[in-house]
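Here is a short note for a colleague meeting this structure for the first time. Please read it with the model open.

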Amino acid sequence: MDESKKKELLLKLENSKKNYKNQLPNKILKIEQTWDLLINDPWDQDRFITFHRMVHTIAGSSGTFGLPAVGDVARQLEIIVKGQLELEEEPSVHIREKIHDELLNLSSITNKSIQTDTPPITVTNELEQQQLHHVNKDENNLIYFVEEDEELSLELATQISHYGYRVQTFNTLKQFFKAMKKDEPAIILMDVILSDGDGCEAVNEIQKDRATSIPTIFISEKSELTTRLNAAKAGGEEFFTKPLNVTDLVDKLDKFVQADDNEPFRILIVDDSVSMAQHFSLILQQTGMETAVVTDPLTVMEPLDNFRPDLILMDIYMPGCSGLELAKVIRQQEAFVSVPIVYLSGETDLKKQLAAMSLGGDDFLTKPIQPEHLVLSVTSRVKRSRILRNFMIRDGLTGLYNHTQTKEFLDMEIARAKRDNTQLAFAMVDMDKFKLVNDTYGHPTGDRVIKSLARLLKQRLRKSDIVGRYGGEEFAVILPNTNATTAEKILNEIRIAFGKISHKYKDILFNKTFSCGVAVYPGFADGTELNNAADNALYEAKEGGRNRVVFATETST
Amino acid sequence: MNRPLDRILYAEDEPDIQEVAVLALETVGEFNLKLCNTGKEAVAAAPEYKPDLLLFDVMMPEMDGPTAFQEIRTLPGMESIPVIFMTAKVQPEEIAKYKELGALDVIPKPFDPMNLAQAVRDCWNKQ
């Protein structure tokens, strides 16, 4: 599908989704009204058939419109209704109650699903507001910070907000409770002692009626055991003593917010039956995975290259070539040696299963397979293989991609830009006078500064952007689908934000800056050219006085 | 290889689903599409529209998908017209049942709009 069409369709789909969501409460209401009529009037089988159809429609449609949870509940209800329908008699009190309960369930899940989609209204700091176009809006990055000391709270809030968080500060518990009623933060930062009460008790109060607690970090003047115990009892995940180390604090914040920040799992499904393939695909998609489907096994090579699956789910018996042969061919290519292959088949003969594995498969799932079982098997395997892969492709200190992998991504992204006829910006970022940090404050402090820039780059860029550590204090950034104007805006924003971050060594606070050289495809035609051009531009930025972003011009090479 | 798929007679009673499916099939798949709201409408429209393929929802008021399909197959010139059913029921025995009726395949609901056209095309190519 070509890119513009895809965009057009996605746009229209978003609209249909919105319309569907708007109309859904009304539809649910009509279903409820129909049920009310059914149980209040003399029993009417035709009306019951209508009722069934209404529920069936919700079950079959809400998943398509991005509300799978509603679809699931509707399906539960439909199963009960259908069972009753086939009996062709008035339902018993017991069945009526069951239907009634499921209806309540349906209405509550509908409200919930629709609400989670409305954007929260929050106060953001000024810098953040300019940034929002480039910050992932789906992610809740709101922090409530309750601290009596106004100066400290403001200072810390500013520091934290440089990392892409939105921080709201409160100087009293009263203000905090009021805000909690309106909007919920992703994380609470709470001083243990406040003028109008005890921080631990306040958090206890908030958490006690909640199904899942909001991660809370306590802050205290003192590190006494009783205070720590109270904080732990209130469900405090972390405990910090003043003066606070911002880098460590942000490290913890990142952990809470980014727990699910991983890229979605990509699963390639190879099955000659369209309906089975679609069925598996939907089950996996509903848990947030991305899927690609191949129903003609001979066309498997292209999605392997473009989709880069984390795992391949493969039917064994297919026309043209068997899953076993296909696995062998896939395994012959170095790039796919480590991708797990899981066979799906009706085969229950252990000997045949083992033979299949010896040819390069990793596991066997026997059809028919329970959806939960499928999801669990796939999840555990992808997790493990990603951990192994991470060791191979990521930098140990920062968690960013290493040099080799970044270059590989650059080539892939250039190929994609070529295909889609889009622009791509490649930036090299190098910390200014970094050696000084290591020499003056020691390597542990230097490492923390490196990590803080790595984190800032990741926080401030889109998920589709690629950040790598090129070596030492040098980073590389790939911005797909980005022209020079946008790249300049983004990189300068990051440069300014980084300059404002205070780093800490004992009681000394200091700031660092970076220089940046950028080259844009198609001005430079391949990875090597982009790399060289960006490197030259970086050199120019350093020569020109550092702390700046310089673009390579096409004539300069 | 079959001749390329072009004209699809599509029957679905639910307006929301119609909208998304029509988008998916016309915009992405670039098929010619005739949309019907019921199985009855589809039976009435078939002789004039002369579709390559029927794409029918199973459960519709007045006349369901399988019944409409069987009626269309009795019409002159339509004795072997292929059909794909769409349904929220994807139990293997249901799929087997529809395939026995002569369906190329069954596309389960809810479907993924981005993949629908490809799924239809895959079914067609497998004949």
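**Notes on a two-chain model**

The crossing of α11(A) and α15(A) is right-handed. This is a predicted model, and the points below start from that crossing.

1. **The helix pair.** Helix α15 of chain A covers residues 371–393. Its axis and that of α11(A) are 10 Å apart, and the two helices pack at an angle of about 70 degrees. That angle makes α11(A) roughly perpendicular to α15(A), because angles from 65 to 115 degrees fall in that class. From α11(A), the residues in the contact are A:Phe280, A:Ile283 and A:Leu284. They meet A:Pro371, A:Leu374, A:Val375 and A:Val378 of α15(A). By class, the contact has seven nonpolar residues, no polar ones and no charged ones.

2. **Where the chains touch.** On the chain A side, 29 residues are in contact with 27 residues of chain B. Three helices of chain A each supply at least two residues of this side: α1 (3–40), α2 (45–61) and α11 (274–285).

3. **Chain A as a whole.** Chain A has 557 residues, and buried residues make up 35% of them. Its elements are 20 helices and 19 strands. Take the contacts in chain A with a separation of 6 or more: 62% of them are between residues 24 or more positions apart.

4. **Chain B as a whole.** Chain B has 127 residues, of which 50% count as buried. It contains five helices and five strands. From the N terminus on, they run β-α-β-α-β-α-β-α-β-α. Of the contacts in chain B with a separation of 6 or more, 60% link residues 24 or more positions apart.

5. **A five-strand sheet in chain A.** This sheet is open, and its pairing is parallel. In what order do its strands stand? The order is β2-β1-β3-β6-β7. Strands β2 (166–170) and β7 (236–241) of chain A stand at the edges. Each has a single partner strand, so one side of each is left without a neighbour in the sheet. Neighbouring strands are turned by 20 degrees against each other on average, direction ignored.

6. **Strand β1(A) and its partners.** Strand β1(A) covers residues 142–146. Four of its five residues are buried, so β1(A) is largely enclosed by the rest of the structure. Four bridges join β1(A) to β3(A), residues 187–191, and the two run parallel. Here A:Tyr144 has A:Ile188 as its bridge partner. With β2(A), strand β1(A) pairs in the parallel sense over five bridges. On that side, A:Ile143 stands opposite A:Val167.

7. **Helices on the sheet.** Helix α6 of chain A, residues 150–161, lies across β1 and β2 of chain A. It runs at about 170 degrees to β2(A). Helix α9 of chain A, residues 225–233, also packs on the sheet. It touches β6 (216–220) and β7 of chain A, and its direction makes about 150 degrees with that of β7(A).

8. **A look at A:Ser345.** This residue is found in strand β11 (341–345) of chain A. Is A:Ser345 buried, partly exposed or exposed? It counts as partly exposed, because it has 17 C-beta neighbours inside 10 Å. Beyond its neighbours within four places in sequence, A:Ser345 is in contact with A:Asp315, A:Ile316, A:Tyr317, A:Thr366 and A:Lys367. A:Pro368 is 23 residues away in sequence, and its C-alpha is 8.3 Å from that of A:Ser345.

9. **Cis peptide bonds to check.** In chain A, a cis bond joins A:Tyr521 and A:Pro522, with omega about 10 degrees. A:Pro522 is in the loop between β18 (514–521) and α20 (527–543) of chain A. In chain B, the bond from B:Lys109 to B:Pro110 is cis, with omega near 0 degrees. B:Pro110 is in the loop between β5 (103–108) and α5 (113–125) of chain B.

10. **Positive phi outside glycine.** A:Asn421 has a phi of about 60 degrees and is not a glycine. Its place is the loop between α16 (403–420) and β13 (424–431) of chain A. A:Asn421 counts as exposed, with 10 C-beta neighbours inside 10 Å. B:Glu62, also not a glycine, has a positive phi of about 65 degrees. It lies in the loop between β3 (53–57) and α3 (65–73) of chain B. B:Glu62 is exposed, with 12 other C-beta atoms within 10 Å.

Notes. Residues are numbered from 1 along each chain as its sequence is written. Chains are lettered from A and ligands numbered from 1 in the order in which they are written. This is a predicted model: local features need pLDDT of at least 70, side-chain atom pairs count only at pLDDT 80 or more; totals for chains, interfaces and linings use all residues. Two residues are in contact if their C-beta atoms, placed from the backbone, lie within 7 Å. Axes are lines fitted to C-alpha atoms, for helices over the stretch in contact, and angles run from 0 to 180 degrees between N-to-C directions. Angles under 35 degrees count as roughly parallel, over 145 as roughly antiparallel, 65 to 115 as roughly perpendicular and the rest as oblique. A crossing is left-handed if the near helix is turned anticlockwise from the far one by less than a right angle, and right-handed if clockwise. Ala, Val, Leu, Ile, Met, Phe, Trp, Tyr, Cys and Pro count as nonpolar, Asp, Glu, Lys and Arg as charged, and the others, Gly among them, as polar. A residue is buried if 20 or more other C-beta atoms lie within 10 Å of its own, exposed if 12 or fewer, and partly exposed in between; C-beta atoms are placed from the backbone. Two strands pair if DSSP finds at least two bridges between them.
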